[in-house]
Amino acid sequence: AISKLYNSMASSEPRVRLCIDTLRSASNTAHRLRVLEVFKWLIREGDSMKSQLVLEGVVEAMLDSVKQTEGAKAEPPDQLHSVRGTVAFMLYALACGHPSNKRNVVKRGAFEYLFYLLRNSDGSQRCYDETRFAMLSIWSMCYSVPENQIRAVSEGAIPLLLKHVAPSTASPSSDQALQSHQMKELRYSAVGTLWHIAGNPVSWPILLADPVGLQSIAA
């Protein structure tokens, strides 16, 4: 169904606008997830499509879709986490390897959303994808972008990342506990993100004041 929707759309701007308008008007979480899957197809077309999506307002539409899902109390919790994780992945995909998008997605509210995900991560399976892609998104947006590094530090990214570097003391229910390889993946993502933020001297006082932070950038 997703491929049929994608292939049925005419190329050029109306296709992007149609997708964004469809996401904004989606009446339930399942519908939002289907439209988000179409965006995954679109970004495969390359950097020009990534630029167009951001300029047409896909970041704002995706962030609004998360708010709508969180406000729908009748929706299954797993679907909420699916929306959160998919939007985090999309932000990563839009920014990765795209210098102008790295800046533009941050200007359009990406950091606030990504830091929100990290603050609310409880170390469970449900939060795994959204937590991992939140960190990878910040990593990508801070890579070789000094203004984003400074903004990440000023908005409190370092303490949020450090909690994923240290061994977890959380004790989610057994069926929701992360596997050891997942914990390693989160730690790797956190350390890599801290490494790129540490490329800016504004981060040094915070990192050097914390034993975990010092170890993470020295590893």
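The model is predicted, and local features are reported at pLDDT of at least 70, side-chain atom pairs only at pLDDT 80 or more, while totals for chains, interfaces and linings use all residues. Residues are numbered from 1 along each chain as its sequence is written, and side-chain values use heavy atoms, with hydrogens and water left out. The chain contains 14 helices and zero strands; helices (H or I, at least four residues) and strands (E, at least two) are DSSP runs, numbered from the N terminus.

**Overall composition**

- Of the 219 residues in the chain, 48% are buried; buried means under 20% relative accessible area, exposed over 50%, and partly exposed in between, with a 1.4 Å probe and protein chains only.
- The accessible surface of the chain is about 10400 Å², and carbon and sulfur atoms account for 56% of this surface; such areas come from the Shrake-Rupley method with a 1.4 Å probe, and for residues only the protein chains shown count as cover.
- Among contacts with a separation of 6 or more, 76% join residues 24 or more positions apart; contact means heavy atoms within 4.5 Å.

**Nonpolar core**

- The largest nonpolar core has 62 residues, of which Phe39, Leu94 and Leu114 touch the most other members.
- Helix H9 gives the most to this core, with nine residues.
- A nonpolar core is here a set of buried Ala, Val, Leu, Ile, Met, Phe, Trp, Tyr and Cys residues joined through side-chain atoms within 4.5 Å.
- In soluble globular proteins, nonpolar side chains tend to be buried together.
- Not counting residues up to four places away in sequence, Leu94 touches Ile43, Lys50, Leu53, Val54, Val58, Val59, Met62, Asn101 and Val105.

- Gly97 follows H6 and has a positive phi, near 70°.
- Helix H12 (residues 180-197) has 18 residues and reaches 26 Å from its first C-alpha to its last, close to the expected 26 Å.
- Buried residues of H12 include Gln182, Leu186, Ser189, Gly192 and His196.
- Ser189 in helix H12 is buried, because its relative accessibility is 0%.
- Beyond residues up to four places away in sequence, Ser189 touches Arg132, Met135, Leu136 and Trp139.

**Aromatic groups**

- The structure holds four aromatic pairs; rings of Phe, Tyr and Trp (its six-membered ring) pair if their centres lie within 6.5 Å, with planes under 30 degrees apart counted as stacked, over 60 as edge-to-face and the rest as tilted.
- The rings of Tyr92 and Phe133 form a tilted pair, because their planes are at 40°, with their centres 6.3 Å apart.
- This pair links distant parts of the chain, since Tyr92 is in helix H6 (residues 77-95) and Phe133 is in helix H9, 41 residues apart.
- Tyr92 is partly exposed at 24% relative accessibility, whereas Phe133 is buried at 13%.
- Phe89, Tyr92 and Phe133 are linked by ring pairs into a cluster.
- The charged end of Arg132 sits over the ring of Phe133, 4.6 Å from its centre, and Arg44 lies over the face of Trp41, at 5.0 Å from the ring centre; the criterion is NZ of Lys or CZ of Arg within 6 Å of the ring centre and within 35 degrees of the ring normal.

- Ser140, in helix H9 (residues 128-142), is buried because its relative accessibility is 6%.
- Leaving aside neighbours within four places in sequence, Ser140 is in contact with Tyr92, Ala95, Cys96, Gly97 and Lys102.
- The C-alpha atoms of Ser140 and His196 are 8.6 Å apart, with the two residues 56 apart in sequence.
- Ser144 lies in the loop between H9 and H10 and has a positive phi of about 60°, although it is not a glycine.
- Ser144 is exposed, because its relative accessible area is 55%.
- Arg151, in helix H10 (residues 146-154), is partly exposed with a relative accessible area of 26%.
- Apart from neighbours within four places in sequence, Arg151 is in contact with Val106, Lys107, Phe111 and Glu112.
- The C-alpha atoms of Arg151 and Val106 are separated by 9.2 Å, with the residues 45 apart along the chain.

Technical notes:
Expected span 1.5 Å × (residues − 1).
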